[in-house]
Amino acid sequence: MKKFFLFFALICSFHVVGQIKYITNKEFIVQGKAFDNTPFYHRIDTNKYANLPEKVKGLFTAPAGLYVTFKSNTSQIKLDWTTRSTYLGANTTGIMARGLDLYIKENGKWIFAGAALPNQQNIKSEYDIVKNLSKAEKEFMLYLPLWNEITDLKIGIDASASFINQPIAYKKKVVVYGSSIVQGASASRPGMNYPSILTRKTGYEFINLGLSGSAKIEIELAEMIKDIQEVDLFILDCVPNSSPEEIKSRTIPFVKLLRKHHLKTPILMVESLIRPMSKFDLTAHEDMTRQNQTYRTQYDTLIKEGVKDLYLLKGDNLIGSDNEGSTDGIHPNDLGFSRLSEAIEKKVNEILSKK
């Protein structure tokens, strides 16, 4: 029996300023988490999983892939939010790292509606993310930042408008463990990482466990991931951060631990996408080839040892062959993420159609 959220209206004590009332922390629901009862804007309760590497713990405070869904008949949405810092990576946009983006459901599909630009000098930001809407009731999905911990969020709507929490009931749950590419580098905005794209397209919930530079197949991550319940598919997209030696020594114990606790749940091993920089950088091409070949060898060994429901997606053409799918030669841009999501969606559907 799959666990579904119940749709319900939450009656709140609103904070009203002029013609705007603010829905404050804890008056809305944050979705996209692997576990219930985690810190409000964090992906994982790192106090519970104290053995995780320290850098991993820090990365899990970033709400990559987390979002709020609600219904309202408001004509505008104004956001007031605070992040832990003003840090911005060299290959990231401010909107992706510290901002938010908004989708509205239209004819059963999620359509991009606006982006909230963060204050570049201050951790506190305010932004009118969408204005001049019709007064008809609409369903909204608001994505939180991919790279910076958020400490406070207020959603401003018309003072006379309704606000109804609308958690989504998904048909399947897919857990994605991986590198900065899974987390969302270098998408232009939060909703453009591939787990979020696939969540909107498929009606399956893709849980984002992307860890920038830190998806190194440590057994401590498997110990945490095995505790996630009611999973329909695990995706292991962790090759880019791992050396061939780490891949060789860690992949088989990692997969076997997941299989021990999830006897029949499919596991999809994804090779590193072919990084555009490797087209001309011969050393980069050799290094990446060794990573993927080592990962493929571990997959073959697991199959020979009798591990069932195990699948492999090769890295060829995951973001296209024209070398235009990246921001920096390593991480996908929005075009790359669109192509990557299509390749993974095809494989996911192929796997789940067998269950």
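A polar contact here is a pair of N or O atoms within 3.5 Å; within protein, one must be able to donate a hydrogen and the other to accept it, and residues adjacent in sequence count only if both atoms are side-chain atoms. Keep that in mind for N119. The side chain of N119 reaches the backbone nitrogen of Q121 at 2.8 Å. The backbone nitrogen of N122 lies 3.1 Å from a polar atom of that N119 side chain.

Some ground rules. This is a predicted model, where local features need pLDDT of at least 70, side-chain atom pairs count only at pLDDT 80 or more, and totals for chains, interfaces and linings use all residues. Residues are numbered from 1 along each chain as its sequence is written, and side-chain values use heavy atoms, with hydrogens and water left out.

Back to N119. Where is N119 found? In the loop between β7 (109-116) and β8 (124-130). Helices (H or I, at least four residues) and strands (E, at least two) are DSSP runs, numbered from the N terminus. N119 is partly exposed, at 30% relative accessible area. The scale: buried is under 20%, exposed over 50%, partly exposed in between, with a 1.4 Å probe and protein chains only. Leaving aside neighbours within four places in sequence, N119 is in contact with R98, K124 and S125. Contact means heavy atoms within 4.5 Å.

Now the sheet. It is open, with five strands in the order β13-β12-β14-β15-β16, and the pairing is parallel. Two strands pair if DSSP finds at least two bridges between them. β13 (205-210) and β16 each have a single partner strand, so one side of each is left without a neighbour in the sheet. The twist averages 20° from one strand to the next. Axes are lines fitted to C-alpha atoms, for helices over the stretch in contact, and angles run from 0 to 180 degrees between N-to-C directions.

β15 and β16 pair over four bridges. M269 stands opposite L312 in β16. Helix α4 (residues 194-202) packs on the sheet, touching β12, β13 and β14, at about 175° to β13. α7 lies across β14, β15 and β16, at about 160° to β16.

Last, α6, residues 244-261. Its 18 residues reach 26 Å from first C-alpha to last, close to the 26 Å expected. That expected span is 1.5 Å times one less than the number of residues. A kink of about 40° lies at R250, shortly before P253. The bend is the angle between axes fitted to the seven residues ending there and the seven starting there. Buried residues of α6 include I247, F254 and L258.
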